[in-house]
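The following dialogue asks how the terms used for a structure follow from their definitions. Please keep the structure in view while reading.

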Amino acid sequence: MLDAALLSSIRDLEFVARVTVDGALAGLHRSPFHGYSAEFSQYRHYRPGDDLKYVDWKLFARTDRVYTKQFRETTNLRMQLVLDASASMAFGEPRVSKMEYARQLAAALAHLVVSQGDAAGLTVYDAALRTYVGPRPGRSHLRHLLTALSRVDAAGRTRSAQAIRAAVDLLENRGAVVCLSDLYDDEGAVDAELHRAARIGHDVTVFHVLAPEDLEWRWGGDVEVEDSETGQRVLTSAAAAGAYAGRAAAFVQQWRERCLAYGADYVLARTDQPPAQTLRAFLLQRQDVSR
Amino acid sequence: MIAWLHPAGLVAVALIAGPVIVHLLLRRRARRIRVSSVRFITPHTHAAVRIRRPSDPLLLVLRMAIVAAAALAVARPLVIDAARRSAWTERRAVAIVVDTSARIAPERLEEAVRAETAAADVAEVIRAGNLPSGLTRAAAWLRTAPPASRDIVVVSDFRHGALTHVDAAAVGEHSGIRFVQLGEVPPPPEAVELLIARDGLKTRTVRVENESTVVSLGSAAEDAPAGLRVVGGRDEDAEIAALLRVVARAGARAPSDDRAVLVRLRGAPAQQRETAAAAAWTLEAGRRLLHWAAREDVPVTVHGTSDALIVQADVPAGSVEAAEIVRAALDARHDPEELRALEVVRIPRDALDRWTRPPAVPDAEAWRHADESDGRWLWALAIVLMLVEGLVRRSRPLPAAEVRADAA
């Protein structure tokens, strides 16, 4: 799998997305994304390996034969990618920034969804809603979406809650809301909006994009730390390393538990891992859930 | 002995504390890093304010030495030793006072100034119409002149009264003074009175004839023509003698044998005119005398011969007019411009020699106006030290002033 730093050197985001998806899907049978209006098509005899949840048990009771229901998929999955483009997402240079990593992930997800005939949209925000591309199917729309993605720069402060609410409200039907952010924000407000989206019936996924330095203290000696969004400066020393790592781990764990609480998917996307690996882990996680 | 021409510059030596402050007292700035969020960071407020120990003592010493050398150079040190004092004594600083009112051709003045300037190591030309004022200015300039033997040279014709011994003495002991007298020194105005007193001249010769008295002044030779002959009436020798004394006191030009004057006063017997051609000088002198007589309304007739100017005046020998006529006749022999020059009285050379003083050697405070310093050696030292400091600094790894967290 190609790592994020290598992929970030490739300007063709569509190619990057395809490579990432190909890497993620290698060995997987199918996409874990499902439409919500799958239409019944026919029965066929059960064959070993078929998913037991599609077995028509009532028909088995009447006929004593095992049949599997087959559906005709319709293009009805509407996935809205909600991308955090605040200044904190620029962190990670010169290797690969969280912004670049999230861009690659978003492109790969859009490519994956559009490739299976579904619709993908994009919401980019920092302190306000910056870019909105409604979910639509088709290759040309995908290119339009990838172009919008490629123009995103990380800057400004973060107001995730408002952007998530706007993205959710603009989804006309039930759909998938995929949030890509480092979640350095008002946690309560963001959690409330994600919970609300899940409660409405959307398939909520959180890609928690973090750099290794977000999780571990990697600097020795006395340092003056400056917040990339607020500009706040804090004087500290290596003695704070232990406490830092513990708090970061607690932060991640807290978000994982929150997402699990209302059925949202939580994926920790570390920028030192290849995007395809992160995407694959996510797809496997979805497959496990869907079984 | 080391003297400081700009002692205020020594204050700059305090700047050597700068590198010390930078190395020892400056509170260390922590490395600054930018992170996504500071929410997990425990503040340690004292972490960035520790006093830094000298990280590189060699660099510290080099920088202090650079600052010290530069500061001392700014103060312009001057090492005063025997050799330097000797060099100062051998050097000549001359203030040349040029008398602009002197009746001397400008070319001669400038030539003298050039010669004096060339002979001096440091020279200042002061042009003054008033010599005492020029001397004051010269003395003032010499007080601020670079260390050297100091001298004032006065270039003038030194007319009487232009300078006195008081003016020369007022220059002071810190400077010598010398006088360059230009122009021909004319003989002192020889009045008739002087001529009378001089040995070897026939001071008075009275010949009494039947009709007249002739008083002659001239050379002692019996056969030589008399420079002045006054002819009056019989027995008027006393009046004529008195007349000559009056003329002498009035300061008339002395008679000369080659330009003889004959004055015939009232009472003198008539004499036939000579037919010889008149000399050029008698014509010119006669013209001047007639011009004078017309202006003064004096009854005079004049004619010239080849060797004498003959004046006929219808005035008695004992009158003032007679004395004036004799004096005018004597003066008429000379061009008026020539007379004016001859009337210039100059300060005697021996007086000027008495006022002259040798150049004054530099005094103990002369270094204050030195036009040189040894600061250049300190500047050179500072430059060399800067080069060494640069080499040493380049050989040391530089700490990053600011580091991004993700570049750690």
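Q: What share of the residues in chain B is buried, and what makes a residue buried?
A: In this predicted model, buried residues make up 32% of the 408 residues in chain B. A residue is buried if 20 or more other C-beta atoms, placed from the backbone, lie within 10 Å of its own, exposed if 12 or fewer do, and partly exposed in between. Local features need pLDDT of at least 70 and side-chain atom pairs count only at pLDDT 80 or more, while totals for chains, interfaces and linings use all residues; residues are numbered from 1 along each chain as its sequence is written, and chains are lettered from A and ligands numbered from 1 in the order in which they are written.

Q: Why is A:L183 called buried?
A: A:L183 has 26 C-beta neighbours inside 10 Å, and therefore counts as buried. This residue lies in the loop between β6 (176-181) and α7 (187-200) of chain A. Most residues other than glycine have a negative phi.

Q: Is B:R76 buried or partly exposed, and how do you know?
A: B:R76 has 19 other C-beta atoms within 10 Å, so it is partly exposed. It is placed in the loop between α2 (57-74) and β3 (77-79) of chain B, and its phi, near 50 degrees, is also positive.

Q: What makes a stretch of chain B a helix or a strand, and how many of each are there?
A: Helices (H or I, at least four residues) and strands (E, at least two) are DSSP runs, numbered from the N terminus. Chain B has 13 helices and 13 strands.

Q: Why is α10(B) described as largely enclosed?
A: 9 of its 12 residues are buried, so the rest of the structure largely encloses α10(B). Among them are B:A322, B:I325 and B:L330.

Q: Why is α4(A) called roughly antiparallel to α5(A)?
A: Helix α4 (residues 98-115) and helix α5 (residues 139-150) of chain A pack at an angle of about 175 degrees, with their axes 10 Å apart. That angle makes the two helices roughly antiparallel, because angles over 145 degrees count as such, under 35 as roughly parallel, 65 to 115 as roughly perpendicular and the rest as oblique. Axes are lines fitted to C-alpha atoms, for helices over the stretch in contact, and angles run from 0 to 180 degrees between N-to-C directions.

Q: What makes strand β8 of chain A and strand β2 of chain B a pair?
A: Two strands pair if DSSP finds at least two bridges between them. β8(A) (residues 223-227) and β2(B) (residues 31-35) have 5 bridges, in the parallel sense. A:E224 stands opposite B:R32, and A:D227 has B:V35 as its bridge partner. β2(B) is mostly covered, with 4 of its 5 residues buried.
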